[in-house]
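Subject: Structure handover

Hello,

Here is the structure you were expecting, with the sequence alongside. My notes on what was found in it follow below.

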Amino acid sequence: MSPWSPRRLLSPRQPNQTPSRRTNLKIELETPTAILHGYYNSSSDGYISGRLLFNAEEAIQVESLDVTLQLHVLYKRPRKKNCPSCAQDLIPITQWSAISTLTPLPQGQHDFDMSFIIPRHLPISMDTPLVTVEYEVYAKALCTGREPIISKKTFKVERILEAESNKQLHTYNFNSTDITTTLCLNSIVRPAGTNSVSLRIDNITSGLAVGLEVWKLQKVTWKLEESVTVTIPNCPRHPTAPTTSQSSQQSETRVIGKKSLRHGWEEHTNESQPHITFSFDYNPNRVGSDTVHACDESADPEVTHALLVELHLEKHFVLPESPWMTSPPRAETTLRMTRPVVLTDLVEPSVPPAYGGSSDGPPEYADVGY
């Protein structure tokens with residue numbers, strides 16, 4: 001290569017430095033995922049461990065070898081599109097120095113065990129329309145007369161929740177129609193499993209001088225919504241002015257599951273308390289990186305999920321002696337109910353396993369001589 005070659009002129013390497021193509025760093029993690037147990041305000045810390053492999057093709061002088069556990073946040077709608085400081089944020093969590101003083105290393109592979117604690121207040125790994133959250137183990141070695149040697153490994157942080165033993169009942173009173181509805185469901189939703197909801201509608205009849213007015217169910221629509229809220233930090237290159245109209249928070253809500261049902265319910269009009277019963281199953285239409293599971297309301301970014309149930313009813317006039325004959329609808333109404341839910345693929349049993357009638361531990365066996 002000519003000494004005046006543009007490639008040589010643009011090379012960032014100093015003349016007294018040699019490339020580190022043979023000597024390299026490699027990060028090996030025992031598991032690709034770290035687990036946080038429980039909800040945000042009552043969970044336990046996560047844990048990740050592994051090894052740092054320093055492969056030296058020849059004897060080398062190492063000035064420092066640092067390993068950093070960091071949180072990498074990518075903002076998909078930054079204030080300034082072409083500003084790297086606005087588009088991402090690197091937050092160091094823990095730093096560990098494997099080598100802090102000038103240390104000669106002979107030729108060969110050198111192993112360094114490492115482990116990190118992940119605080120429970122941090123968000124889990126996610127990819128949303130507004131922000132992406134990743135966890136990285138970043139290693140950097142400074143060697144005498146060489147370019148810095150860098151290695152990076154990305155891993156996931158997920159949250160496991162305790163399964164609910166019983167479903168919860170939620171009652172809604174609609175004063176405009178005197179109708180009362182009851183929803184029975186679990187607040188923890190399994191995206192790949194079956195999530196069932198039981199519904200009961202009461203106070204559907206009202207007596208007249210002649211005949212009855214009866215509310216009849218025409219359609220049930222359920223929607224599963226995901227809401228994302230993220231706080232955009234101030235950029236040191238162009239801080240936000242106090243009088244600016246641009247908000248530091250961004251929010252977006254999208255529907256990740258929806259279905260309308262027009263049959264399947266039962267009308268119990270001949271009982272002492274006429275009512276309607278109905279059961280249906282629901283789950284997200286898209287499962288994978290398009291949805292965020294097991295996120296906490298108190299974390300930032302904040303990701304929440306909610307189940308919306310809409311009931312479309314019509315009021316008809318009915319004669320008691322001819323209940324099958326109905327008049328054209330006299331009125332229509334739509335009743336809406338919303339319940340917060342949590343999506344998660346990781347659920348642990350709410351009751352620990354029992355061993356021989358005791359949950360303290362596995363059974364003990366007496367020693368048998370042969």
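**Strand 9 and its partners**

Strand 8 (residues 126-127) pairs with strand 9 in the antiparallel sense, over two bridges. Before going further, please keep in mind that this is a predicted model. Within that pairing, Met126 stands opposite Val133 of strand 9, and the hairpin that joins strand 8 to strand 9 runs through three residues.

Strand 9 (residues 131-143) also pairs with strand 4 (residues 60-75), again in the antiparallel sense and over 13 bridges. In this case Leu71 stands opposite Tyr135 of strand 9. Strand 10 (residues 149-162) is a further antiparallel partner of strand 9, joined to it by seven bridges.

**The nonpolar cores**

Which residues of the largest nonpolar core touch the most other members? They are Leu52, Phe54, Leu65, Ile118 and Phe155, out of 40 residues in that core. Several strands supply at least two residues each, including strand 1 (24-29), strand 3 (46-56), strand 7 (108-118) and strand 16 (212-231), as well as strand 9 and strand 10. Strand 4 gives the most, with eight residues. The core draws at least three residues from each of domain 1 (24-160) and domain 2 (167-234 + 248-343).

Leu65 touches, among others, Leu25, Leu52, Phe54, Trp96 and Phe112, leaving aside residues up to four places away in sequence. Lys140 and Ala141 are also among the residues that Leu65 touches. Apart from this core lies another, of 30 residues, with Val220, Leu224, Tyr282 and Val309 among them.

**Cysteines**

The structure holds zero disulfides. Cys83 is buried, with a relative accessible area of 4%, and Cys235 is buried, at 3%.

**Two loop residues with positive phi**

Asp178 is not a glycine, yet it has a positive phi of about 65°. Asp178 lies in the loop between strand 11 (168-174) and strand 12 (179-185). Is Asp178 buried or exposed? With a relative accessible area of 56%, Asp178 is exposed.

Asn203, also a residue other than glycine, has a positive phi near 60°. The loop that holds Asn203 is the one between strand 14 (195-202) and strand 15 (205-207). At 44% relative accessibility, Asn203 counts as partly exposed.

**The chain overall**

The chain contains two helices and 23 strands. Of its 370 residues, 39% are buried. Its accessible surface comes to about 21400 Å², and 48% of that belongs to carbon and sulfur atoms. Among contacts between residues at least 6 apart in sequence, 72% join residues at least 24 apart.

Regards

Note on methods:
Residues are numbered from 1 along each chain as its sequence is written. This is a predicted model: local features need pLDDT of at least 70, side-chain atom pairs count only at pLDDT 80 or more; totals for chains, interfaces and linings use all residues. Side-chain values use heavy atoms; hydrogens and water are left out. Two strands pair if DSSP finds at least two bridges between them. Helices (H or I, at least four residues) and strands (E, at least two) are DSSP runs, numbered from the N terminus. A nonpolar core is a set of buried Ala, Val, Leu, Ile, Met, Phe, Trp, Tyr and Cys residues joined through side-chain atoms within 4.5 Å. Buried means under 20% relative accessible area, exposed over 50%, partly exposed in between (1.4 Å probe, protein chains only). Domain bounds come from an automatic or database domain assignment. Contact means heavy atoms within 4.5 Å. Accessible areas come from the Shrake-Rupley method with a 1.4 Å probe; for residues, only the protein chains shown count as cover. A disulfide is a pair of cysteine sulfur atoms within 2.5 Å.
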